[in-house]
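Open the model in your viewer and keep the selection panel at hand. We will visit the ligand, then some helix pairs.

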Amino acid sequence: MNEEKKEHLWWQNGIFYQIYPRSYQDSNSDGVGDLNGIIKRLDHLKWLGISAVWISPIYPSPMADFGYDISDYTGIHPLFGSMNDFDKLLEEIHVRDMKLILDLVPNHTSDQHPWFQESKSSRDNPKRDWYIWHDAKPDGSEPNNWLASFGGSAWEWDEQTQQYYYHAFLKEQPDLNWRNPEVQKAMMDVMRFWLDKGVDGFRVDVMWHMIKDNQFRDNPINPDYESHMATYDQLLPVYSTDQPEVHEIVRMMREVLDSYDERMMIGEIYLPIQKLVTYYGVDNKGAHLPFNFMLISTPWEAKKLASAIDQYEGALPEEGWPNWVLSNHDQPRITSRVGMSQARVAAMLLLTLRGTPTIYYGDEIGMRDVPIPFDEVQDPQGLNMPDKNLSRDPARTPMQWDNTDNGGFTDAKPWLRLADNFRRENVKVQKEDTFSMLSLYKRLIELRQQEPSLHVGDYSPIYSDNQMLAFTRHAKGHQQYMVVLNLSHRPCYFKPKHFSFKGTVVLATFPEREGTVYSNTISLGGDEGILLRLDD
Ligand code: GLC
């Protein structure tokens, strides 16, 4: 895309940061993070150079899925604070010239939500059709073979009204019927409630789930299923997700956003690239950013990553803005997938690619997945499929701020244990260490935000082989940058055949490299990533 075509907006040239509110900062000594805690830590985010903060759900919820089961879309869970605290948070974020993105969970509610309580009260209740109710098959079995993401059938029998209801996740999370115009209106009103308050956008939960096949056909079996996978993966969800009509819903949500000034949505969508990019919508009137999980799903090998990046760049619609992410609250942390040394290379990749990066809290200090003893597991995905090691708790542990008790997160018993090494690995210690992960993140962010080539410039692949990948970034009228990453642990030579260069290393995963001038050949150490400013 030509970077001169139009001005870039805040969600294009900025950096997003995801907070899992239970684990960021406790301010009232109950062991659970809260809104006032986040306010206390906003200066950390500002110092780091973050532009927008996405907070996982903070609404009233029975917490069957830790807030992704909402019982009131326009309230605040007392565990996290009050609406006044929320208003204060929004104000404090805006005062610092940052943006706030809320998590919107439109696909399903809690079974305790008054809408569902009404819906299940009788077959002729006006809200009956707000959810997905079906008769049993003549033999009493479920209406079809659909499975729930967290294990077991996706259908739950309701004794009182003698029908099944559909839930893509827990039975405590019944799916709304998005084909019903009243549901559509109710959720658009929810969006307006928060947008009127000044919220800058939404991360939309499981966007590709929102509409299901209207004939409710059986899903086909997955021929590639292996027993270590979640039971959900036994079938291919071709009828239960990603239906063509979902794009109409996304477009409606977009219209609501567009009736305000510069608001945005980033959609959670786990689909292959060709499908993913359709969520930008016709004429880019869909999601501003369909979340791109390729750096999570692609094996950490140079050739595969280089190919994935180029495929994504190639699949983007004209004017579709890219985005990248390494970790989130549902996935193992990047350090635990690729190791600590490669996590530095990953940070350089995330923050030098073209498109909006999202940083998961704690990744900036290289937090690792924390082993949670069996009897402390909290995540329903872990509890429901105990033999498959699928608990998401390890990636949701409290932020490690300093070397005081509980890492400065709380002065009570934390809801989830901290990493044993929090006294060594924390924000305070790493701030003072030029070689720390935090210093690397900070410097990468600073450089990215200073240099138009890095935050809005074009991307051109240069080279990839079994060990490394390299690309350039360039905005017209600005200096060109080249990124060379060694994805392996062994040294290698970078000597591209069809690209000659001369430039100076301005940032490196091993900072000793910085200031060195190279032309046409570089010998790279294992796990080394370097960023060169090229001569004209
Ligand atoms: C999304 C959330 C995840 C949640 C699920 C059900 O995938 O990211 O945490 O469990 O939706 O709401």
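Select H329 and show its side chain: one of its polar atoms lies 2.9 Å from an oxygen atom of the ligand. This is a predicted model, so read each distance below as a computed value.

Next, select D65. A polar atom in the D65 side chain sits 2.5 Å from a ligand oxygen atom. On its own the ligand would expose 310 Å², and the protein buries 96% of that.

Two numbers describe a packed pair: the angle between the axes and the distance between them.

Select residues 181–197, helix α6, together with residues 246–258, helix α7. Their axes come within 10 Å and cross at roughly 30°. An angle under 35 degrees counts as roughly parallel, and α6 and α7 are therefore roughly parallel to each other. Check the hand as well: the crossing of α6 and α7 is right-handed.

For the last stop, select residues 340–350, helix α12, and residues 437–450, helix α15. The two pack at an angle of about 15°, with axes 10 Å apart. That makes α12 roughly parallel to α15. Look along the pair: α12 passes α15 in a right-handed crossing.

Notes:
Residues numbered from 1 in each chain as written. Predicted model: local features only at pLDDT ≥ 70, side-chain atom pairs only at ≥ 80, totals over all residues. Heavy atoms only, no water. Polar contact = N/O pair within 3.5 Å; in protein donor to acceptor, adjacent residues only side chain to side chain. Areas by Shrake-Rupley, 256 points an atom, 1.4 Å probe, with all protein chains shown as cover. Axes fitted to C-alpha atoms, helices over the stretch in contact; angles between N-to-C directions. Helix = DSSP H or I, 4+ residues; strand = E, 2+ residues; numbered from the N terminus. Parallel < 35°, antiparallel > 145°, perpendicular 65-115°, else oblique. Left-handed = near helix turned anticlockwise from the far one by under 90°.
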